[in-house]
Amino acid sequence: MTPRTLAVSLLIVSLVACTAPTRPDPAAGGEARAPRIALVLGGGAARGFAHVGVIRVLEQEKIPIDLVVGTSVGSLIGALYAHHANSFELEWTAFSLERTDIFDYSILNVGMGPVKGDKLEAFVAAKIPVNGIDELKLPFAAVATDLNRGTRVVLDKGPVARAVRASCSIPGVFQPVAHQGRLLVDGGVVDNVPVAVAREKGADIVIAVDIGESVVNYNIANLMDVTLQAVWIMFNANAEFKKRDADIMIQPRVGSVGMMDFSQKKPAMQAGIEAARAALPEIRARIAAWQTAESARLAAGR
């Protein structure tokens, strides 16, 4: 190895080492621990491909993720990532997803929704072949809504596929899901960017991704369009105040991507990449500030 090559190698190592917070051994004692960082992924149907871009950047920049919480499509992308904890596997799986993998219309029995949801559950079960949420590589929670009681339901135990299906069951479009003794619909009804759930699960720093940039839609031509638009307006309205508790809010510019437009995967992902890169200085500053405060707290307690 030439001196020049050695110098370049040492520079790369030093840069990589500086990108992520240290995670000291708790047994060493007295040293500030790294913060528990949660990634919260909001709902937004096809705009969810932006989440993939955000995760790619966080992984590349070695920002550790200790917990994933998702609503609706955020639960789908979040579960896929929590399974492998690998952005390459996530991209491969996410980009194989088509509208036909999700929408199984029931012509003869519309019931409480024209879309059954069986295909979505089967897709998740095939891509995440584990028995329960507790077997995922990363701690994960999907957020749904109890249709009878109007309350938030946090799904962090039981079958992954069923939890994701419930979290994604847009009311009026998907049939509600009977799960764990409740009748469940999309979590976006009560909490579309579930920052509070991450806090309740012990997150020190919450990085939230909101893909609700715009509700403007001039292409409303049928009952399905009306239902989706009305639901989307409601989801965004209820998220407006709740998402403010995030430490870092990443908002990809996906306003031009329609809720059901699966032809815009790459632009949506690129929007996620760009938004995450723009947020990196703030993320690193928050981590550094938290560690400084933690060190001071430990010093004061000695």
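Visitor: Hi! Which residue forms a salt bridge with E294, and how far apart are the closest N and O atoms?

Guide: E294 pairs with R297, and their closest N and O atoms are 2.7 Å apart. A salt bridge here is a side-chain nitrogen of Lys or Arg within 4 Å of a carboxyl oxygen of Asp or Glu. This is a predicted model, where local features need pLDDT of at least 70, side-chain atom pairs count only at pLDDT 80 or more, and totals for chains, interfaces and linings use all residues. Residues are numbered from 1 along each chain as its sequence is written, and side-chain values use heavy atoms, with hydrogens and water left out.

Visitor: Where do E294 and R297 sit?

Guide: They are 3 residues apart in helix α9 (residues 265–301), so about one helical turn separates them. Helices (H or I, at least four residues) and strands (E, at least two) are DSSP runs, numbered from the N terminus.

Visitor: Is E294 buried or exposed?

Guide: E294 counts as buried because its relative accessibility is 10%. The cut-offs are under 20% relative accessible area for buried and over 50% for exposed, with partly exposed in between (1.4 Å probe, protein chains only).

Visitor: How many salt bridges does the count come to?

Guide: The count is 18. One of them joins E91 and R56, with the closest N and O atoms 2.8 Å apart. That pair links distant parts of the chain, 35 residues apart: E91 is in helix α4 (residues 87–94) and R56 in helix α2. E91 is buried at 15% relative accessible area, while R56 is partly exposed at 25%.

Visitor: What about R165 and D118, how do their side chains meet?

Guide: They meet in a salt bridge, at 3.0 Å from N to O. R165 lies in helix α6 (residues 160–167) and D118 in helix α5 (residues 118–127), so the pair ties together parts 47 residues apart in sequence. R165 counts as buried at 8% relative accessibility, and D118 as partly exposed at 40%.

Visitor: Changing topic: where is R47 found?

Guide: R47 is in the loop between β1 (37–41) and α2 (49–60).

Visitor: What lies 2.8 Å from a polar atom of the R47 side chain?

Guide: The backbone oxygen of V257 does. Leaving aside neighbours within four places in sequence, R47 is in contact (heavy atoms within 4.5 Å) with residues including W232, V254, V257 and A268.

Visitor: Cavities next. How many of 30 Å³ or more does a search of the whole structure find?

Guide: The search finds 2, and the largest cavity holds about 180 Å³ of space. On a 1 Å grid over the protein atoms alone, a cavity is a set of points where a 1.4 Å probe fits but cannot get out, and lining residues have an atom within 4 Å of a point. Grid points are joined across faces, edges and corners, and a volume is the space filled by probe spheres set on the points.

Visitor: Which residues lie nearest the centre of the largest cavity?

Guide: Those are A45, A46, V73, I102 and F262, out of 17 lining residues. Helix α3 (residues 73–84) gives the largest share of the lining, 3 residues.

Notes:
Polar contact = N/O pair within 3.5 Å; in protein donor to acceptor, adjacent residues only side chain to side chain. 1 Å grid on protein atoms, 1.4 Å probe; cavity = no way out; pocket = protein on both sides within 12 Å on 5 of 7 lines; lining within 4 Å.
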